[in-house]
Each structure stands twice: as structure tokens, then as C-alpha cells.
Amino acid sequence: MNVNEDLNYAFALSRQCLRILGVWPDPFTPLSDFHRPSIRFIIVTCILCLYVIVPQLTNMILAWGNVVRMVEYVASANFSLMALCKLVGTWYHGETLRTLMTSVMTDWMTSKNDRERNTMLNTARRGRTLSLRCYVASTCTVTFYISLNLLKFYRNMHQPQRALVYRFTYPYNIQKSPNYEITFFTQLSGGTYSALINCTVDSFVSLLVLHISAQLINLRTALNDLVDKLAKGSISSSTFKEGLAAITVRHEHLIRNAKIVDDCYSAVLFVHMFAATFQLCFESFQVFTIVSNHLDVPLVKVCFLSFYVLLVLTHLYIYCYSAERLLTESTSMAYGVYECKWYDISPKDAKNLMFMAYRSTVPLRLTAGKFGAFSLEMFGTTVKTSMGYLSALLTMMD
């Protein structure tokens, strides 16, 4: 494989979807193009705001007091709000992310041997697997979502008062054709865009974090090889110092890249963490209400809500898994220093390794608004908290 094939292997799905949304940080695009939003980005943003978020928040206010209705309305608005924050955040930091993608492309181009490349490919393969699962869950959810609303559209075709996907009063006659059809399918596309944006941005961020983790593995291996060569007498002390200086510079570069990802998405991930907790609660509440009250609900809607819960869990797990890998590999640099043959080299050269060990004591993290760090432990805590909110919501119903 060449570098283009490797990049396509790692970022194919995310790249194509982000291009559709108009926010792909293309490293081959001039910097001046990132200062103006694309028409695709503007259209998607307007659809999300005017045809999903505003109608559902309005409906929630109008349904005040009816817990079941309020939960249904706020759930879709909450999911679309997550998508809007991620879309705007990716566009806003497009110039910075473009620089980061250039660095990723350089990493693939400058891999020194097959071992480094295989490490990157193995990590990318794990990222692709997680992304594929996310896209499968998203596709199933969107399929049932579209099927449910097309069934509603078919039933309302010849009704005097035809219902929209999201009930709202627009400044034009929505009952008149083709106004009704255009509005209905625009709202339907808004819900589809929400799923696409959440899935795509989550996969993109996860792949970036996993790529940095792979580079840390390669750096630790390079450090061990360098110490082994000095211990065997294959290189001189001066050559060792030059190699160690290059590794240190590379380590600082990876630390900066990890901080760039965190700075770009920390605020967005805080919204995601906060919203996902309630989203899981709301969707679980709807499923529980249908099952416990034996409501006459179409099977399509039950399947839609079930896949919805799975989708929210998958999105959350992607962040927690990739952040856990980053944390583990960043702290493993210190263990790599300890595990190499430092005892077979001179004390003066061994002392130089302490700078690397000391720099690795602070783990790299993917944070949610600087208030908490993503990890597998946070995944469990979030699910537990969400179920606690569900219990409180059910108590309100009683």
C-alpha cells in the first residue's frame, strides 16, 4: 500500500461523510478556504436548527406537565443538538484540524519500516471496526426512523389535517401541496443528518486519538531499539544522544497533537457527555413505558427505540475506548524507559532517559470540558448515572 491507500483505509468513511457535510479538514485544501463555510455546511445547519431543534423544543414547552410527551420531544431535540455542536465545532476548528491531518499524513509517509506501519494499520483496523459498528447501529436506527415516518406520511396523504414529522407552525401553509411534502421530507432529512453527524464526528475523533496512540507505541519501540544498540556497542554515546533528542522532539510533537484534539473537541464532548447521559435515560424511558404499559405501538417504533439506545451506547463507548488507549499508551512511555536495558549502558547516558520517563508521568487525556476524562470507567459511570435518572423519572410518573 502507498500512503494514499493507507489514509483511505483509516479514514475512508469519515472522510466521505465529512465531505458530504462540508466540514472535512482536507490537508490539500488552501488555508484560505477554511475561513468561509461551505454551502453544504450552511444547509445542514439550517435544517437542524429550523426543522428539528426549534420545533421539538417548542413542542416540549407546549407539552409541559405531560412527562411522556416532554421526554419524546426533548429526546430528538437533544440528539440533534449534540449533532449541531459537533458539526459547528468541526467547522470552527477546521484550520487546526487540517494541520493535524497533515501531520497524520506525514506519519504514514515517514514510517521507517514495516513494523511501524503494521502497528499503525493494526490500530487503524481497530478504529475502523469501532466506526463500522457505529455506522451499522446508525444505519439500522435511521432505517427504522425513515420507515416509521414514511408509514405516517402514507397514512396522512389523504387526511384533511396532515401531520409533520415534528409538529410545528411555520409561516406558510404546510397543508398545501407541495409545501407539506417539502416540509415533511426536510424534517425527515434533519433527523437523518443528526445520526450521520454524530456517527461521523465520533468516528473521526476516535481515529485521530487512536492514531496518536499508535505513534506512541512506535516511539516506545524506537526508544528500546536505541538503548539496545548502545548496550551492544553498535552506536556511540554521541549517536545515542542524537537519537534520544529526536525521540524527545517526536514525543513532544505527539503530546501537542493530543492536546490539539482535546482543545478542539473538549467543549463539544462536554455537551456530548451531558446530553448522552440524558439521551440514554430518555430513550430507555420510552422503551420502558411502552413495555410496562402494554401500549399499542407499531413494532417499527419499538425497533427504532431499541436501536436508538444501542446507538447512544456505541457513540459513548467509541470515545471512552479510544481515550483509554491514549491514556494507557502515553503512560506506557515511562514503563518503556524502565523496561529497556538501561542497566547495560553508562550511568551518564542512563540519566538522560529520566527526562523521557518524567515527561510521561502526566497521561494524555481526552476530556469533557476539562471537568472529566473519558475512560472505560467513565463509560460505566455514565450508564449508571443515566439509569439513576431513569429511576427518578419513573418515580415522577408514579
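Helices here are DSSP runs of at least four residues, numbered from the N terminus. With that in hand, welcome to a set of close-up views of a predicted model.

**View 1. The second largest pocket and the helices around it.** This pocket has a volume of about 560 Å³. Its lining is made up of 21 residues, and those nearest the centre are Lys112, Glu116, Asn218, Ala222 and Ile247. Two or more lining residues come from each of H5, H6 and H7. H6 is the main contributor to this lining, with eight residues. Sorted by class, the lining holds six nonpolar, eight polar and seven charged residues.

**View 2. The largest pocket of the model.** Here the space comes to about 910 Å³. Look for Glu72, Leu148, Asn149, Lys152 and Val165, which are the closest to the centre among the 38 lining residues. Several helices supply at least two lining residues each, including H2 (39–62), H3 (67–92) and H8 (299–339). The largest share comes from H5, with eight residues. In this lining, 19 residues are nonpolar, eleven are polar and eight are charged.

**View 3. A salt bridge between Arg359 and Glu252.** The closest N and O atoms of these two side chains are 2.9 Å apart. Follow the chain and you will see that the pair links distant parts of it: Arg359 sits in helix H9 (residues 347–359) and Glu252 in helix H7, 107 residues apart. Arg359 is partly exposed, at 28% relative accessibility. Glu252 also counts as partly exposed, with a relative accessible area of 26%.

View 4. Arg325 is partly exposed at 21% relative accessibility, while Glu329 is buried at 9%. Arg220 belongs to the picture too, as salt bridges with shared partners join Arg220, Arg325 and Glu329 into one network.

**View 5. Asp26 and Arg19, side chain to side chain.** This salt bridge spans 3.8 Å from N to O. Asp26 has a relative accessibility of 15%, so this residue counts as buried, the cut-off being under 20%. Arg19, in contrast, is partly exposed, with a relative accessible area of 35%.

Note on methods:
Residues are numbered from 1 along each chain as its sequence is written. This is a predicted model: local features need pLDDT of at least 70, side-chain atom pairs count only at pLDDT 80 or more; totals for chains, interfaces and linings use all residues. Side-chain values use heavy atoms; hydrogens and water are left out. On a 1 Å grid over the protein atoms alone, a cavity is a set of points where a 1.4 Å probe fits but cannot get out, and a pocket is an open set with protein on both sides within 12 Å along at least five of seven lines; lining residues have an atom within 4 Å of a point. Grid points are joined across faces, edges and corners, and a volume is the space filled by probe spheres set on the points. Ala, Val, Leu, Ile, Met, Phe, Trp, Tyr, Cys and Pro count as nonpolar, Asp, Glu, Lys and Arg as charged, and the others, Gly among them, as polar. A salt bridge is a side-chain nitrogen of Lys or Arg within 4 Å of a carboxyl oxygen of Asp or Glu. Buried means under 20% relative accessible area, exposed over 50%, partly exposed in between (1.4 Å probe, protein chains only).
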